[in-house]
Amino acid sequence: MLGLPYNHTMEPPATFFLVGIPGLQSSHPWLAISLSAMYTVALLGNTLIITVVWVDSTLQEPMYCFLCVLAAMDIVMASSVVPKMVSTFCSGGSSISFNGCFTQMYFVHAATAVETGLLLAMAFDRYVAICKPLHYKRILTPQVMLGMCVTITIRAVISMTPLSWMLSHLPFCGSHVVLHSYCEHIAVAKLACADPRPSSLYSLICSFIIVGSDVAFIAASYILILRAVFGLSSKNAQLKALSTCGSHMGVMALFYLPGMASIYVAWVGQDVVPLHTQVLLADLYLVIPPTLNPIIYGMRTKQMRERMWSLLTGK
């Protein structure tokens, strides 16, 4: 199949068929219920964060503004896949149009690229707040914050547009059954009649550059933060400084660790890890962070927790 020539005149398939999680069809109803519950929590929690930051003037600080954008990206990421996944699990499989498939794929990749950039911006915010507190407002001005968000978005668009274009222009002349519960890049690429390795290689290199550079800068920020924190003479000051970073570090671990595990399994463990485990891991990676992020920030950030409670109780 991979040796067939690229046929530019070949008509793209009208639809792809998503099977859900191969080998776990009997568990699809329970998965649909679980995903619906998690999606509801993600929508409510992230909408609550956006609302609280938007209406409360005391939260108009860089950290909370970045958190507001992160919550919006969580909604985009979850909404790109969960409704279709729930439909697939409830019906035992469902079709998705050719354009709809690649639109879904594009939003998933773009939202992921934006989120990793936002985590870097939030790490920089914590670095300035702890290591250069006297210059905080001078460095992180509204113009700088807007420029960072725009740059992060442009980076995601520029890097992900070629990937979607490369894959969508491959010929699909064989099976249109995607062995996945959403239009995951590798699962769709395997259906192409031409060699999909250029797009797969581009995806790998792009992910390595974006995520690798972001993680490196985040690590450097927290090394400097920890050096500054443990240089403080007061234990209470150390604990307070570490507490302000605790929620951010939890969200980073929740985002990067499952994502790296999912990529590693997809590329290295295809012949070792069962297919249903690979698909389930990829599904949970897109659903768990948007669900738990608002809970982590709401529980660990006292100011955010108090404002949320005030909004909910009307006080």
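This is a predicted model: local features need pLDDT of at least 70, side-chain atom pairs count only at pLDDT 80 or more; totals for chains, interfaces and linings use all residues.
Reader: How do you know that the rings of Phe 16 and Phe 172 form an edge-to-face pair?

Author: Their centres lie 5.4 Å apart, with the planes at 85°; rings pair if their centres are within 6.5 Å, and planes over 60 degrees apart count as edge-to-face, so this pair is edge-to-face. Phe 16 belongs to strand 1, whereas Phe 172 sits in the loop between helix 5 and strand 3, so the pair ties together parts that are 156 residues apart in sequence. Both Phe 16 and Phe 172 are buried, and together with Phe 98 and Phe 102 they form one aromatic cluster.

Reader: Why is the pair of Phe 124 and Tyr 127 called tilted?

Author: The planes of Phe 124 and Tyr 127 are 35° apart, and the distance is 6.4 Å centre to centre; because stacked requires under 30 degrees and edge-to-face over 60, the pair is tilted. Both residues lie in helix 3, three residues apart, which is about one turn of the helix.

Conventions
Residues are numbered from 1 along each chain as its sequence is written. Side-chain values use heavy atoms; hydrogens and water are left out. Rings of Phe, Tyr and Trp (its six-membered ring) pair if their centres lie within 6.5 Å; planes under 30 degrees apart count as stacked, over 60 as edge-to-face and the rest as tilted. Helices (H or I, at least four residues) and strands (E, at least two) are DSSP runs, numbered from the N terminus. Buried means under 20% relative accessible area, exposed over 50%, partly exposed in between (1.4 Å probe, protein chains only).
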